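Work through the exercises below with the sequence and the model open. Try each task before reading its solution.

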Amino acid sequence: MLVVSLNSEKKINQKLENSVLVSLDSVKKTYEDGKISVRALRGIDLKIAEGEFTTVYGPSGSGKTTLLNLIGALDKPSEGQVKINGSIINELDRNGLALLRRDNIGFVFQSYNLIPVLTAYENVEFALKISSSNNGNPVRNSKERSAQILEQVGLGDMLDRRPNELSGGQKQRVAIARALVKEPRLVLADEPTANLDSKTSKEVLEIMLEMNSKLKTTFIFSTHDPMVMEYAGRLLEIRDGKITREERR
Ligand SMILES: Nc1ncnc2c1ncn2[C@@H]1O[C@H](COP(=O)(O)OP(=O)(O)OP(=O)(O)O)[C@@H](O)[C@H]1O
Ligand SMILES: [Mg+2]
């Protein structure tokens, strides 16, 4: 009996280990800002398995964006190790980081980061085209897919508008469409519903949940929005650069 249960526990651990997509080991991040140094992350240990829907919440300045930037291979830790899809980001050069992001990660930034001279439609299609592969498959029907995802986020009649002709919430939805269109393994979204009304928030969360269940896409959000927290399968509270509470549902 004991042998059986030990074996099955080993199998479960093995399975978990195999499906880990993101792993942070004693991660610290200090920003050196002239004479002042800011300890934004003070020791984070975290594993996120493929297919998890995780929300990070905590007060302003607690380190949420910093954490997402590290998980997104946009920045490197000052100490500790960040591993994404088997690659240790500490060891990658700029080019390696760019490829890792291109092929695995979709971002929704707090500040949108849309390309101002491109229309909503072109912003989305551009992201799809530069990704050149979609989970290893060649991209087909990029035009139809870009238009379709914009329609799904409720912007079907705004394809030709440039970012400066869109409201904050509409820009946010273009950014969400752009992150989802390449069907990446991992989607990182920094306060994705901050500029959306509750009906639109619900609609985009439903699209993400559907991707999560159909494609096993892993989502990591930061938020202050209680509705986003309700959708999460896993909640992490961060305070002063440390994870202070965790809940799974
Ligand atoms: N590039 C930077 N240079 C210096 N300090 C920074 C930099 N980026 C962030 N910080 C500092 O690091 C800490 C964590 O910032 P971070 O942006 O991660 O917080 P946050 O939880 O995302 O906050 P918010 O909810 O306001 O978006 C803050 O004290 C912030 O001032
Ligand atoms: Mg932030």
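**Exercise 1. The chain as a whole**

Task: State how many helices and strands the protein chain has, and what share of its residues is buried.

Solution. Note that the model is predicted. Step one: the secondary structure comes to eight helices and 12 strands. Step two: of the 249 residues, 37% count as buried. Step three: take contacts between residues at least 6 apart in sequence; 69% of them join residues at least 24 apart.

**Exercise 2. Around ligand 1**

Task: Find which element gives the largest share of the shell around ligand 1.

Solution. Start with the residues. Ligand 1 is surrounded by Tyr31, Asp33, Val38, Ala40, Gly58, Ser60, Gly61, Ser62, Gly63, Lys64, Thr65 and Thr66. Next, assign them to elements. Strand S1 (20–33), strand S2 (36–49) and helix H2 (64–71) each give two or more residues. H2 has the largest share, with three residues.

**Exercise 3. Helix H2**

Task: Decide whether H2 is mostly covered or mostly open, and name its buried residues.

Solution. Count first: six of the eight residues of H2 are buried, and the helix is mostly covered. Now name them: Lys64, Thr66, Leu67, Leu68, Leu70 and Ile71. Lys64 and Thr66 also belong to the shell around ligand 1. Then look just past the helix, where Ala73 takes a positive phi of about 55 degrees.

**Exercise 4. The nonpolar core**

Task: Identify the residues that touch the most other members of the largest nonpolar core.

Solution. The core holds 55 residues. Leu67, Ile71, Val124, Ile176, Ala177, Leu188 and Ile220 touch the most other members. By element, H6 gives the largest share of this core, seven residues. In soluble globular proteins, nonpolar side chains tend to be buried together.

**Exercise 5. H6 against H7**

Task: Work out how H6 and H7 are oriented to each other, and which residues make the contact.

Solution. The axes of H6 (residues 168–181) and H7 (residues 198–215) come within 12 Å and cross at roughly 5 degrees. Angles under 35 degrees count as roughly parallel. H6 and H7 are therefore roughly parallel to each other. From H6, the contact uses Gly169, Arg173, Ile176 and Leu180; from H7, Thr200, Val204, Ile207 and Met211. These residues divide into five nonpolar, two polar and one charged.

Definitions and conventions: Residues numbered from 1 in each chain as written. Chains lettered and ligands numbered in written order. Predicted model: local features only at pLDDT ≥ 70, side-chain atom pairs only at ≥ 80, totals over all residues. Axes fitted to C-alpha atoms, helices over the stretch in contact; angles between N-to-C directions. Helix = DSSP H or I, 4+ residues; strand = E, 2+ residues; numbered from the N terminus. Parallel < 35°, antiparallel > 145°, perpendicular 65-115°, else oblique. Contact = placed C-beta atoms within 7 Å. Nonpolar A, V, L, I, M, F, W, Y, C, P; charged D, E, K, R; others polar. Near = placed C-beta within 6 Å. Buried ≥ 20, exposed ≤ 12 C-beta atoms within 10 Å, placed from the backbone. Core = buried A, V, L, I, M, F, W, Y, C linked by C-beta atoms within 7 Å.
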